[in-house]
Every structure is written in C-alpha cells, then in structure tokens.
Amino acid sequence: MTDPVAPHDDLGLPVPLGPRPPRRVVSLVPSLTEAVAVTAPGLLVGATDWCSHPADLAVARIGGTKNPDVPGVLALEPDLVIANDEENRRPDLDALRAAGVPVWVTDVRDLDGAFRSLERLLTTACGLARPSWLDEAEAAWREVRPVAGGPRAIVPIWRRPWMVLGRDTFAGDLLGRLGLRLVHSGHAERYPAVPLPELLAARPDLVVLPDEPYRFTAQDGPEAFPGVPAALVSGRHLTWYGPSLVGAAAVLGRAVGHPFVQDGPGTS
C-alpha cells in the first residue's frame, strides 16, 4: 500500500523514506552528485563513472547514467538513490524500487524549477539544511539582465546526426536569460535532430557549442558553420544544476559574448 504521508519527488511519485534522514546515498546524475557532495561530504557512497565533481570525490563507481550496475548499487545498501527523469532509464529505477530502495527522481525544465527541485532534494529527501551555495546561485542569476533582441542562436548537443536544443529545456532557459534567442525553441521536440543544411539555412547569428554531451572543440564543430560566430561553452555550466549555477551566468555570459569566426567549408 502507498504511504499517504510519504514525500513525493518531482514526478509526483511517493518516496518511502525511513524515520531518519538517509545516511547512505547513491547518485545516478553528475550534477546531483556534486550538489549532495558539496552540501554534505560523506553522505554519498556511490556515483556514476561520469560524476566528475567534486574533483576529490572518493566513492564507489556504479556504471553510467544509462547503464548503471543495479546489483552494484544494491550492494552499497543505500538508504536513497537519486536520479533524473531525463538522464536515467525508468527500468533501472523500477528495478531499484522493486528491491526496496527509495528512489527520488528530479525533473528540471528551467532555472526556477531547478532551484525548487534542488531545495526539495536536499532538504526533504536528504534531510539536510538548505546550503548557502543555493542562495548564492539564486542571487547570481537575479543579477542577470538580458538585452532584448539578442542573437538568434543554434545550440547543437550532438553530431552525426546533428541534434540541437529545442523547446522546454533547462539549458535553453539559461541561454534565454542571457539574451539569446534559440532558433529551435518552438520546435515540437526538446532535442530535435536537424540536418546540417537546414541548420545553415536558418542563418543563425551565433552557434553555441558545449563540451558535453558531445565534446565540441575549436577543431570539431565550428568548421561546420563557416562564417557564423561560434561560442565554445562549458557543458557543466550549461546543463548541470547544482553548485555550478553559482558561476554559470558569468561563465556562459563571457563565452557567448566573445565568439570567434572560422572560415571554411561546412561538413556533415
């Protein structure tokens, strides 16, 4: 029977937490790993192979976000597993729930939602005090004053095939707050696959190339958009929601404000 007093995660699913705050947490999302580890060092006992922050994180590694080692997670005897609806596969989360592990899933589509989700995750799910870095992040983004009529931007997130930011994305909301107008913000899909000729035909003012999930670099990406200003940006500051949000506005603002132009033929 569902516990009527159990707290609910971002998907509205009840999470049967125990009578005391969790003492052993496994994170299946890099940004959430950083958020918990910075707030409560020692609480995490497991994280994915992609969890790169904090740099000194010393916990068991349990595979990737899309292919976690479920038996390995269970062997860590977690009081709580934290996940994300976009990053993680529901069958894996269902398997953990079936084994009796509480699973808290976040669902973030914009900055305001990220702040709400983080506070609930840390205070309600993990039983922690609201961290000061969350206040600092909110304050930093309140200072952002975008200029109307900013550049029309395309934001690829993958290559072969080309995929871009579409509607209703956290990263798109951040860039919009910095004044960019995403060409595909009205697309029916959140991450549409768009052929390169179609991207070029849109005649963007700017192409924004993050270093994750695809690792775009000065040598891999800009050459496909000859004559179009390109901004290489930190994927962690663009797509992670956690302590990175404290400096994200400044980091992203500098990157998109100083694009470079590379001449040469476009490639697929």
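Q: Buried means under 20% relative accessible area, exposed over 50% and partly exposed in between, for a 1.4 Å probe and protein chains only; which of these classes does Tyr214 fall into, and why?
A: Tyr214 has a relative accessibility of 14%, so it counts as buried. Phe216 is buried as well. The model is predicted: local features need pLDDT of at least 70 and side-chain atom pairs pLDDT 80 or more, while totals for chains, interfaces and linings use all residues. Numbering runs from 1 along each chain as its sequence is written, and side-chain values rest on heavy atoms, without hydrogens and water.

Q: Why is Trp158 assigned to its accessibility class?
A: Its relative accessibility is 35%, and Trp158 therefore counts as partly exposed.

Q: What makes Trp158 and Tyr214 an aromatic pair, and is it stacked, tilted or edge-to-face?
A: Rings of Phe, Tyr and Trp (its six-membered ring) pair if their centres lie within 6.5 Å; planes under 30 degrees apart are stacked, over 60 edge-to-face, and the rest tilted. The structure holds five such pairs. For Trp158 and Tyr214 the centres are 5.5 Å apart and the planes at 80°, which gives an edge-to-face pair. This pair links distant parts of the chain, 56 residues apart: Trp158 belongs to strand β7 (residues 156-158), and Tyr214 to the loop between β10 and β11.

Q: How is the pair of Tyr214 and Phe216 classified, and why?
A: Their ring centres are 4.6 Å apart and their planes at 50°, so this pair is tilted.

Q: How do you know which way the buried residues of α9 face?
A: Helices are DSSP runs of H or I with at least four residues, strands runs of E with at least two, numbered from the N terminus. Helix α9 (residues 245-257) buries Leu245, Ala248, Ala249, Leu252, Ala255 and Val256. Seen down the helix axis, these buried residues fall within an arc of 145° (taken from the directions to the C-beta atoms), so they line one face of α9.

Q: What span does α9 have, and how does it compare with the expected one?
A: The expected span is 1.5 Å times one less than the number of residues. With 13 residues, α9 reaches 18 Å from its first C-alpha to its last, close to the expected 18 Å.

Q: Which elements do the buried residues of α9 pack against?
A: With contact meaning heavy atoms within 4.5 Å, the partners are α4 (111-125), α5 (132-142), α6 (170-177), β10 (206-210), β11 (230-233) and α8 (235-239).
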